[in-house]
Amino acid sequence: MDSTGPKLFLLGSTHRTAPLAMRERLAVPPERLEAIYALLREQVKLPECLVLNTCNRVELYGVAQSEVDAAVMRERLTAEISRLHMLSPEELQKFTFWKQHGEVVEHLFGVTAGLDSQMVGETEILGQVKDSYADATQRGAAGPVLNRLFQKSFQAAKWARTNTGIGRGAVSVGSVTVELATRIFGNLSSSRLLLIGAGEVGQSILQSLRSRGARNVTIASRTLANAMELAMLHECVAVELSRITELLSESDIVLCALNSETPILTGPQLAKAAATHRSVPLFVIDLAVPRNVEPSAAELSNVFLYNLDDLAAIANENLKSREAAMDTCRQTLTEKAKHVWDSLAAR
Amino acid sequence: MLDNTPLGFLYAGIALYTLGFGVAVFMALRGKEHDRPVFYTLIIAGFLAQSTGLYLRGLETHSLPVGNAFELVQALAWVAVFLNLILRATLRLKLLGLFAAGLAAVLGIASLFLPGAHAQAAGVAESGNPWIEFHVALAVFSYGVFGLLAVTAIMYLLQRHGLQMKRNRGIFRLLPSLAELDALNRQLLLVGAWALSVAVGLGVLDWFQQPGGVSVAKLVVTILVWVGYLIAAWLRWRGRLVARAYAWSCVALFLFAILSLWPVEAGHHAPASSPTPTSATSNNSISKSNG
C-alpha cells in the first residue's frame, strides 16, 4: 500500500501470532493502561495512539509524525514495550506483527467484523473495540485520523453483520442451547429451569441461559452440598436428586449433565411431565455421555429432546456457514478499507 | 389489465402482494429476513391499491363491496393485511408479514377464479339497514382474523416441525418462538370468535324479523363454522386442544370456512350478486336487492 497520507501504523500480538502464555504476559491490565499511554505519548511522542486489549489480542494503533519516524517506530516501540514486559526485543518481535497505512485499516475492519476472532463472527469484539476507542478518546489520545478510522470500522462491522452471514447462528453448545430455548419460549425470564448435575458442563450452559434472562432455576445433584454451592453462586434453589420426578412437571427446561451409567429420565417419566404442561412444551437437553435421558423420549409430542451430538451438529453447521461467508465479507471489507484509506490519504 | 377501474386497482393489489411475498420467500429460503423497506413498500402499496379498488367498488353500490365471492375474498385478504400491519407495529413478530402477504396473495389469486370478478359490483346495497351492514362488516372482519389465525397456526406448526426435526437453518431460525405464536393464536381465536358471534347474533335477529330469505345450505354452513370456532375456543380454554392439535384445528377450520363459500355462493346466486360469508341472515337484504 502507498505511503502517502497519515503515517498510520499498528503493532500487535494476537492468538494468530502468539501462544496463550505469551498473550498472558503481553496483556495490559486496566491499571497499567495509564502507563502504556504515558509511554506512547510522552516518550515515543505519538500525536495519536490507541491501545486495544482483549483476551486474544493486544494491539497498539498509532499515527507517527513523519515517514522517517514511522520507519523507526517498530524498533523503538518494540524496545519500549519489551522493557515494560521484561522481555527481550527479539522475543517480543517473534510474537508480534507490524502493519502500516492501508493495511492497518484493512486489519481493523477485519477485527471489528469478527473475521479475525478465534470464534469467527463473534460480536463481543466490536464492543471491546468501542470501549477501547472510548477510553482513548477520554484520555485525549485519539485524534482526527484514529477518530475517522475507528468510526469507519464500526460502520464496516455493522455492514458485515447485516449483509453477510458472518455472525449468523450460534457456534458454541451454550449459545446453541440458548438459541433453541429462545425458539421455544421466546423470553426466558419466566421459564423454569431444572439443572440435573452440578458439574462444569451443566454450569457453563446454566451460565449461558442465565445471561439470557433465565431466573427461576433449581439444581439437583447426587451430592446436595455441591448443588447448594452452585445454587448459592447463582441465587437459586438446590434439591436432592430423588426429587427430580416431581420437579419435571414444574420445569420448562431440563438440563441433564449427570455422570451416570444408566438413564436417569425415562420416556414414561417425561411423558407424564409433558402431559401436565399442556400448551407449554418441555425442552430437555441431555449433555451427558452416557446419555441421561432415554432416546425414546424424543418421540413424545410435547417434548423437544436434544443431546450433545445434536447441539454440536447445529454449532458445526453454523460455523461452516460463517466460514463460507468469510471470503465474501473479507473481499468487501478490503474494498471498503481501501476506500477509507484513500480518503484519509487525500486529506 | 392494470387501469384506473376498481378491478385494475384490485389486480394491482394482488400483483404487489404476490411480488412482496415472492421477494420475502426468496430471502427467507436463503436464511435472511426480508428487506423490510422493500417488502413493506410493496405490501403497503398493495394494500392501498386494494383499498382503493374496494372503495371504488363500494361507491358503485353505496355499501360494503362484499356482494359476491370475488369481492368477499378480496375483502378477507384486505382484513388479513390490515391486521398484519397493526400486529407488525405492536408485536413485531418476525416473518408474520411474509406469511400474511402469502395469504393475501393466495386469496387474491384465488379470487380471480371465483364468480363475480368481472360482474358489476354487487355489495350489500339497498338493504337500508345499517345493522345488516354492521353484521356483514363484522363477519368479514372475523373471517379475516381467522385467516390470519390460520397463518400464525402454520407458522407455529413450521417452528414445531423444525424443532422436532432439529433443523436450525433458513426459515426455521427466523420464525417467532412457539410461545409467542401460541399466545397470538389464542388471542386471535378469541377476537375472531367474539366478532363472529356478534355478527351471527345480529343476523339471527334480522332472520327472525324476515325469515325465509336465507338458503338452508348457507345457514347450515355458517352455523357450522361459528360452532366450530366456538368449540375450538372452549377446548383451548379448557386446555384440551393445545399445541399441534390446536394449530391444525385452526388451519382446518379456516379451510372449511373459506372453501364452503364458493359452492354455496355458486349454487345459490345469480352471478352479479351473492352474499357474505356468514351472512346467512344478511341474505334477506341481498335477496331483497336482487328483487
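A: In chain A, the centres of domain 1 and domain 2, taken over C-alpha atoms, are 43 Å apart. Domain 1 of chain A covers 7-163 + 324-346, and domain 2 covers 173-306; these bounds come from an automatic or database domain assignment. The model is predicted: local features need pLDDT of at least 70, side-chain atom pairs count only at pLDDT 80 or more, and totals for chains, interfaces and linings use all residues. Residues are numbered from 1 along each chain as its sequence is written, chains are lettered from A and ligands numbered from 1 in the order in which they are written, and side-chain values use heavy atoms, with hydrogens and water left out.

Now the interface. Contact (heavy atoms within 4.5 Å) links 26 residues of chain B to 24 residues of chain A. The buried area between the two chains is about 2,000 Å², with carbon and sulfur atoms giving 50% of it; buried area here is the accessible area (1.4 Å probe) that two parts lose on being put together, summed over both. On the chain B side, Leu163(B), Lys166(B) and Asn168(B) lose the most area to chain A, and together they make up 33% of what that side buries.

Lys166(B) also takes part in a salt bridge with Asp310(A), at 3.6 Å from N to O. The rule, a side-chain nitrogen of Lys or Arg within 4 Å of a carboxyl oxygen of Asp or Glu, finds 1 salt bridge across this interface. Polar contacts there come to 13 residue pairs, both residues at pLDDT 80 or more. Such a contact is a pair of N or O atoms within 3.5 Å; within protein, one must be able to donate a hydrogen and the other to accept it, and residues adjacent in sequence count only if both atoms are side-chain atoms.

The side of chain B that touches chain A draws at least two residues from each of α5 (130-164), α6 (171-174), α7 (178-209) and α9 (243-259). Helices (H or I, at least four residues) and strands (E, at least two) are DSSP runs, numbered from the N terminus. The largest share, 6 residues, comes from α5(B). By class, this side has 8 nonpolar, 7 polar and 11 charged residues; Ala, Val, Leu, Ile, Met, Phe, Trp, Tyr, Cys and Pro count as nonpolar, Asp, Glu, Lys and Arg as charged, and the others, Gly among them, as polar.

As for confidence, the model scores ipTM 0.79 and pTM 0.75. Chain B has a mean pLDDT (the predictor's confidence in each residue, from 0 to 100) of 81, and 81% of its residues reach 70 or more. Where pLDDT is low, the predicted coordinates should not be read in detail.
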